[in-house]
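Work through the exercises below with the structure open beside the text. Try each task before reading its solution.

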Amino acid sequence: MTQIPSSQASQSVSVRRPFPLSHGTTTLGFIFQGGVIAAADTRASAGGLVACPAVHKITPIHSHLVVTSSGSGADCMLWERILIREIRLYQLRHKRRLSIRGTAKLLSFMLHPFKGTDVCVALTLCGWDKDDSVENLEETLGTTDDCSPSVSKDVLSKTNLQCCSGPKLIYVCSDGARLQGDIFSVGSGSPYAYGVLDGSLRWSLSKEEAISLAREAVFRATHRDAYSGNNVDLFHVTAEGWKQRQREDLKEEYYRDMEKKGKKIDLKMQKLPK
Amino acid sequence: MLSAQNFGESGKMKEYHYTGPVEHRFSPYAFNGGTVLAVAGEDFAIVASDTRLSEGYSIHSRDSPKCYKLTDTTVIGCSGFHGDCLTLTKIIDARLKMYKHSNNKTMTSGAIAAMLSTILYSRRFFPYYVYNIIGGLDEQGKGAVYSFDPVGSYQRDTYKAGGSASAMLQPLLDNQIGFKNMEGVEHVPLSKDKAVQLVKDVFISAAERDVYTGDALRICIITKEGIQEQNIPLRKD
């Protein structure tokens, strides 16, 4: 049984840790016409040391939800485990799968008692909400919190269908933030990843273009950020579920990039007037 | 010690700054040194540790090995704060017995690893200052190594070094066992004898350069026949 540690935020004496915990990362997720892409590097750094060069920062929760983790390695691993357990329990108790928004809310409320403590968790939930049949919706309409009781059921069911199904990207962190969006990048390498993504991301990208954009963004971030590096993990979530691409070593990508640049420089030299 | 900081720009020595009394808070932790290493092969696993127990500039004991036998197929190596190592191994032993009594079977290496992760995380806000590495055989009989950080994050590896000399040993293992950063080498699978020899060589190097590692080396070789122990002397200085 996973025991959630009791929150000791009320304790006045805090013990100073004699060792550094693993931190530092680049993870990103974005939505496009073909679903959700989640990408992350694989380096876990503890202080100045690379504690592990091959960590899994993207974990599947169920067939249609993966979560990218950033922050302290142990915290992310354990909280993902707790989340998987709670989602499974919900599914067994209520005979239906919890929506991505519900999952994010559950996670956010579970992390709330630890606000102000050392727990450092920043998760991006990337998933696909299945289309619920209207009968199911009418049963559960009473429990949805963002509907006012005075609105008619027909309008509610239409809006719920639109907002409940399809690709979803929600960012949850241990500070208490819970944000839904189309593009998120988390970690020490995120500014570099945002630069690349903001430049080229469009809704109409094809699957191959989206994957190569995600890989490029992680590659540029690992190039500039010391705490990100090694390999890149890529997950693609669609209505059929998540699919994982084979882990790629970014060292190869770097050499290919250098070769390309080498060729470009040669062309420039040829055009110089004599 | 006289360093460049004590001299100002003109070359004259700076005034001696009196910073005032410094209050030292009681720290519940101590660092007792020691290095642990584990390697997983096709049908064997090796867990090795040095046997020096030190604190500050003193050596408490030259015969305090850091490998603890958990089951017939699993050995754990714990280095860091010796008090926490002892308590942690006692807790793991108790939980192993409880599992055996309720489920009528011995815990597998993977299950022990998952359990240790939760035990460590239950003390997230006052951690066990222990670097753990579990070595053993999995259900298929293949070698398995699980490495942990002090708060419970863990991962299955092929090889891992932990403890005071880990930063020195890990790159060497990456090169010799993982064939990293080498071009045009044939990836030969590691045999048991070669692995044992490599472990001995690697610890001899660690004892040369790390003050907290030395005295003797205890190697536990885990195969389906059982656990075999070897003791090799190391530098005592």
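The exercises that follow concern a predicted model and go from a sheet to its helices and then to single residues.

**Exercise 1. In which order do the 5 strands of the open sheet in chain B lie, and which are the edge strands?**

Solution.
Step 1. Follow the pairing across the sheet: the order is β10-β1-β2-β11-β12 in chain B, and the pairing is antiparallel.
Step 2. Look for strands that pair on one side only; in chain B these are β10 (159-163) and β12, the edge strands.
Step 3. Go from one strand to the next: the twist averages 15°.

**Exercise 2. With which strands does β11 of chain B pair, and is β11(B) mostly covered or open?**

Solution.
Step 1. On one side, β11(B) pairs in the antiparallel sense with strand β2 (residues 45-50) of chain B, over 6 bridges. Here B:Ala48 is the residue opposite B:Ile219.
Step 2. Strand β12 (residues 226-233) of chain B also pairs with β11(B) in the antiparallel sense, over 8 bridges. In this pairing B:Ile219 has B:Gln230 opposite.
Step 3. The link between β11(B) and β12(B) is a hairpin of 2 residues.
Step 4. Check the cover: 8 of the 8 residues of β11(B) (residues 216-223) are buried, and the strand is mostly covered. One face carries B:Ala216, B:Arg218, B:Cys220 and B:Ile222, the other B:Leu217, B:Ile219, B:Ile221 and B:Thr223; all are buried.

**Exercise 3. How do helices α3 and α4 of chain B pack, and which residues meet?**

Solution.
Step 1. Two packed helices are described by the angle between their axes and the distance between the axes.
Step 2. For α3 (residues 166-176) and α4 (residues 192-209) of chain B, the angle is about 150° and the axes are 10 Å apart.
Step 3. Angles over 145 degrees count as roughly antiparallel, so α3(B) and α4(B) are roughly antiparallel to each other. Their crossing is right-handed.
Step 4. List the contact: α3(B) supplies B:Met168, B:Leu169, B:Leu172, B:Leu173 and B:Gln176, while α4(B) supplies B:Leu198, B:Val202, B:Ala206 and B:Arg209. Sorted by kind, the residues are 7 nonpolar, 1 polar and 1 charged.

**Exercise 4. Is B:Leu120 buried or exposed, and which residues is it in contact with beyond its neighbours within four places in sequence?**

Solution.
Step 1. Locate B:Leu120 in helix α2 of chain B.
Step 2. Its relative accessibility is 0%, so B:Leu120 counts as buried.
Step 3. Beyond the neighbours within four places in sequence, B:Leu120 is in contact with B:Leu88, B:Tyr128, B:Asn132, B:Phe148, B:Asp149, B:Pro150, B:Val151 and B:Gly152.
Step 4. Take B:Pro150, one of these contacts. B:Pro150 is 30 residues from B:Leu120 along the chain, and their C-alpha atoms are 6.9 Å apart.

**Exercise 5. Where do A:Asn230 and B:Asn104 lie, and is each buried, partly exposed or exposed?**

Solution.
Step 1. A:Asn230 is not a glycine, yet its phi is positive, about 70°. A:Asn230 belongs to the loop between α6 (207-224) and β12 (231-238) of chain A.
Step 2. The relative accessible area of A:Asn230 is 26%, so this residue is partly exposed.
Step 3. B:Asn104, also not a glycine, has a positive phi of about 55°. The loop between α1 (82-103) and α2 (109-121) of chain B holds B:Asn104.
Step 4. With 68% relative accessibility, B:Asn104 counts as exposed.

Definitions and conventions. Residues numbered from 1 in each chain as written. Chains lettered and ligands numbered in written order. Predicted model: local features only at pLDDT ≥ 70, side-chain atom pairs only at ≥ 80, totals over all residues. Heavy atoms only, no water. Axes fitted to C-alpha atoms, helices over the stretch in contact; angles between N-to-C directions. Helix = DSSP H or I, 4+ residues; strand = E, 2+ residues; numbered from the N terminus. Parallel < 35°, antiparallel > 145°, perpendicular 65-115°, else oblique. Left-handed = near helix turned anticlockwise from the far one by under 90°. Contact = heavy atoms within 4.5 Å. Nonpolar A, V, L, I, M, F, W, Y, C, P; charged D, E, K, R; others polar. Buried < 20%, exposed > 50% of the residue type's maximum accessible area, 1.4 Å probe, protein only. Pairing = 2+ DSSP bridges.
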